[in-house]
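Dear colleague,

Please find below the structure for your review. My notes on it follow directly after.

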Amino acid sequence: MSPDRSQLPLPDPEMTGPDAVEQFDIAELGRLLKEHRGPLSLRQAAAEAGVSFSTLTRVEAGAQPDLATFTRLCAWLGVSPSRFFTPTATRQVSPLDQAITHLHADPRLTDDAANKISSVLRDLYDALAKEAVPAVPALACHLRAASVLRPGVPQRLADLLTDMNTELERLVEAGEL
């Protein structure tokens with residue numbers, strides 16, 4: 001029996017892929033501003049924070065500030081700007097599962113047709129997809145002095161060390177070392 005299309009989860013485009021972004025908690029910023037302002041008037045607090053009265057009013061009400069205002073308000077609150085960002089959890093959904101989910105959600109396809117296309121996709125994917133091999137450098141090193149070297153020098157040193165490593169490997173394989 002084929003699954004009910006209405007029961008299949010659709011991938012959430014905001015929760016997957018490299019385009020996932022952090023969430024900005026504007027409500028928390030507004031709440032902290034009101035709390036920090038305490039008995040001060042909006043004009044007094046705005047003057048202390050270095051922003052306009054109208055801007056502070058809007059941000060307290062939930063409007064998103066521009067970057068300069070956000071930075072000033074965080075400084076006035078004495079909190080790090082990172083406090084207001086929540087990393088988005090990245091859901092691990094394979095491209096194959098995502099495609100199959102979309103097929104089952106397509107109203108133009110019957111359940112049987114969606115299952116047949118999914119089966120073909122699975123077969124093709126199994127036959128053609130290769131394991132991703134992470135690029136591992138032949139040689140990796142950390143130079144303590146890298147931060148004080150002129151730009152480009154650390155890369156040239158890494159290239160030189162890689163060349164030396166490659167030549168040493170060649171000599172070992174040739175039995176010369």
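Is Arg 31 buried, partly exposed or exposed? Arg 31 counts as partly exposed, at 40% relative accessibility. In these notes, buried means under 20% relative accessible area, exposed means over 50%, and partly exposed lies in between (1.4 Å probe, protein chains only).

Before the details, two remarks on the basis of the values. This is a predicted model, in which local features need pLDDT of at least 70 and side-chain atom pairs count only at pLDDT 80 or more, while totals for chains, interfaces and linings use all residues. Residues are numbered from 1 along each chain as its sequence is written, and side-chain values use heavy atoms, with hydrogens and water left out.

**Salt bridges**

A salt bridge is taken as a side-chain nitrogen of Lys or Arg within 4 Å of a carboxyl oxygen of Asp or Glu. By this rule there are seven salt bridges. Glu 28, Arg 31, Glu 35 and Arg 83 are linked in a network of them.

Arg 31 pairs with Glu 28 at 2.9 Å, N to O, and with Glu 35 at 2.8 Å, N to O. Arg 31 and Glu 28 are three residues apart in helix H1, a separation of about one helical turn. Arg 31 and Glu 35 also both lie in H1, four residues apart, again about one turn. Helices (H or I, at least four residues) and strands (E, at least two) are DSSP runs, numbered from the N terminus. As background, an α-helix has 3.6 residues a turn, so residues three or four places apart point the same way.

**Helix H4**

Helix H4 spans residues 67–77, and its buried residues are Thr 69, Phe 70, Leu 73, Cys 74, Trp 76 and Leu 77. Seen down the helix axis, these buried residues fall within an arc of 160 degrees, so they line one face of H4; the arc is that of the directions from the axis to the C-beta atoms. The face turned away from the buried side carries the exposed residues Leu 67 and Ala 75.

The cover over the buried residues of H4 includes strand S1 (23–24), helix H1 (26–37), helix H2 (42–49), helix H3 (53–60) and strand S2 (85–86), where contact means heavy atoms within 4.5 Å.

At the N-terminal end, H4 is capped by Asp 66, with a side-chain oxygen 3.2 Å from the backbone nitrogen of Ala 68. After H4 comes Gly 78, whose phi is positive, near 75 degrees.

**Loops**

Ala 61 sits in the loop between H3 and H4 and is exposed, with a relative accessible area of 68%. Ala 61 and Leu 29 are 32 residues apart in sequence and 9.7 Å apart in space, C-alpha to C-alpha.

Leu 149 is found in the loop between helix H6 (111–128) and helix H7 (153–173). Leu 149 is partly exposed, with a relative accessible area of 30%.

With kind regards

Note on methods
A polar contact is a pair of N or O atoms within 3.5 Å; within protein, one must be able to donate a hydrogen and the other to accept it, and residues adjacent in sequence count only if both atoms are side-chain atoms.
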